[in-house]
Amino acid sequence: MTDLASSSLPVEDGGHDAIKGFAYQFDKTLLEIFQSPRQRLQIEGAQDLSGEHYHMQIKNRSGKFYLSAIGKAVRKMFLQFISSGPTSYILHCHFPDQAPGTLRSLTSDELNSLLAGRFDQVEAEVKLQFLKSFCISFAEDYETQFNNVLKCINTELSVKDSVETLSYHAILHAYLRNLVLTQLSGSRWVGLNDLKKAVKDAQSAIFTSTYVAHCGYEKYLKMVRRQYLPRRVNVPNLQRVFSFECTQETNPQDIADAVLSICDRYRIEENSPAPYFTFHGDFDESLIKASLWDAGAYFNDGRGYHGGTFRMEILTNPPFGAARIKLVQPEHLNELMVKVAVKEFHDFFLIERRDSPIPVPRPHHVFLQSHGDLLEVFR
């Protein structure tokens, strides 16, 4: 009788191996963070993982160890070595025929064979220095490392049970994946506090969806309204950004009414600065601007005149007098928040939460079925 599994699966499954390789790399990253909680690490930068005193390539292989299997990783680290100088270079890798915990160096002949004649112009002394800085660290397999990560999550994040442990693991993998996909190489830094925040944010999102599903949307809006007390007389004098997620179905009049309601709450003459508003998503911005203008929500968008060149100084310090409302494009938000030291970021989302590009002391995330519902929140 033919074994169905062996006959239906290909001998090599590149997609499976690639996904498992990234999972292995992310788990090793989490382990390094949990074991060194005071440092922040860079992922997918010059190497797979970099700390203050080391650079690391992370590989999970299903076949036996042979030199050519590590050639690409060694060449990548050697290239950085000759451009950046001495530090520790570690090839963290699993091969089934190598005992975990074993350390191995390379000989000069082995290094030359792996460099494959591509660095012949490099002096022998430089290669010797690299050999002194480099080591191969054979590690445990995917399953063992995975279980070690779960133990660390249990200890460091104080989970209640095994289900929550697995949930946190999935949240942290998603956070690292998003970091790689959304941040430029060289700016993907992560530490223990970032992991804790990722879990907290995910918990908040889960709470929101659960609350709406089980308690009803109207009761959820009342809860949100309580969070936005106190009233106008106690509004602190702070710089604020209000972010709106918009779609093709967004009613521009709802946006205008919501903006005016927010201004009535937070814009107090000689006491509170004009709030900043930003809009993102698939929508026609001109329709929203027209509705704002028609509703008397006169704004400054940093352009000075229709179609003018954007200038940050016009937005932050308009030469033609104060504006009740300030509009900022998403691509200028990071620069603005550095320049004016924003203290509050309010994210009103329909589908997907959006974090502040720069951490703020008071982030708020509010799910809405319609922006018109903000009238209930700020009335």
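**Figure 1. Pairing of strand 8 with strand 12 in the predicted model.** In this predicted model, strand 8 and strand 12 run parallel to each other and are joined by five bridges. Within this pair, Phe242 has His346 of strand 12 as its bridge partner. Strand 8, which spans residues 240-246, also pairs with strand 9 (residues 276-281), again in the parallel sense, here over six bridges. Val241 has Tyr276 as its bridge partner in strand 9. Strands of a sheet are held in such pairs through backbone hydrogen bonds, in either a parallel or an antiparallel arrangement.

**Figure 2. Side chains of strand 8.** Seven of the seven residues of strand 8 are buried, and the strand is mostly covered. Arg240, Phe242, Phe244 and Cys246 point one way from the strand, whereas Val241, Ser243 and Glu245 point the other way. The residues of both groups are buried, including the charged side chains of Arg240 and Glu245. In a regular strand, side chains alternate between the two faces of the sheet.

Figure 3. Strand 4 (residues 88-94) and strand 6 (residues 134-138) run parallel and are joined by five bridges. In that pair, His92 stands opposite Ser137 of strand 6.

**Figure 4. Strand 3 and its two neighbours.** Strand 3 covers residues 54-60, and because six of these seven residues are buried, the strand is largely enclosed by the rest of the structure. Towards strand 4, strand 3 pairs in the parallel sense over seven bridges. The bridge partner of Ile58 in strand 4 is His92, the residue that also stands opposite Ser137 in strand 6. Towards strand 2, the arrangement is antiparallel, with two bridges. Ser50 stands opposite His55 of strand 3, and a hairpin of three residues connects strand 2 to strand 3.

Figure 5. Lys20 is located in helix 2, which comprises residues 14-35. Is Lys20 buried, exposed or partly exposed? Its relative accessibility is 26%, so Lys20 counts as partly exposed, given that buried means under 20% and exposed over 50%. When residues up to four places away in sequence are set aside, Lys20 touches Asn60, Tyr142 and Glu143. One of these, Asn60, belongs to strand 3 (residues 54-60). Lys132, by contrast, lies 31 Å from Lys20, C-alpha to C-alpha, with a separation of 112 residues in sequence.

**Figure 6. Two loop residues with positive phi.** Glu44 has a phi near 50°, a positive value in a residue other than glycine. Glu44 is found in the loop between strand 1 (41-43) and strand 2 (49-50). Ala341 is not a glycine either, yet its phi is positive, at about 55°. With a relative accessible area of 41%, Ala341 is partly exposed.

**Figure 7. The protein chain as the setting for the close-up views.** The protein chain contains 14 helices and 13 strands. Its radius of gyration is 27 Å, well over the 21 Å that the globule rule gives for 379 residues, so the chain is more spread out than a compact globule. Along the principal axes, the C-alpha atoms fill a box of roughly 75 × 55 × 40 Å. Of the 379 residues, 46% count as buried. The accessible surface comes to about 20400 Å², and carbon and sulfur atoms account for 52% of it. Among contacts between residues at least 6 apart in sequence, 69% join residues at least 24 apart. The chain carries 41 positive and 45 negative side chains, and the centres of these two sets are 6 Å apart.

Note on methods: Residues are numbered from 1 along each chain as its sequence is written. This is a predicted model: local features need pLDDT of at least 70, side-chain atom pairs count only at pLDDT 80 or more; totals for chains, interfaces and linings use all residues. Side-chain values use heavy atoms; hydrogens and water are left out. Helices (H or I, at least four residues) and strands (E, at least two) are DSSP runs, numbered from the N terminus. The radius of gyration is taken over C-alpha atoms; the globule rule is 2.2 Å times the number of residues to the power 0.38. Buried means under 20% relative accessible area, exposed over 50%, partly exposed in between (1.4 Å probe, protein chains only). Contact means heavy atoms within 4.5 Å. Accessible areas come from the Shrake-Rupley method with a 1.4 Å probe; for residues, only the protein chains shown count as cover. The place of a charge is taken as NZ of Lys, CZ of Arg, CG of Asp or CD of Glu. Two strands pair if DSSP finds at least two bridges between them.
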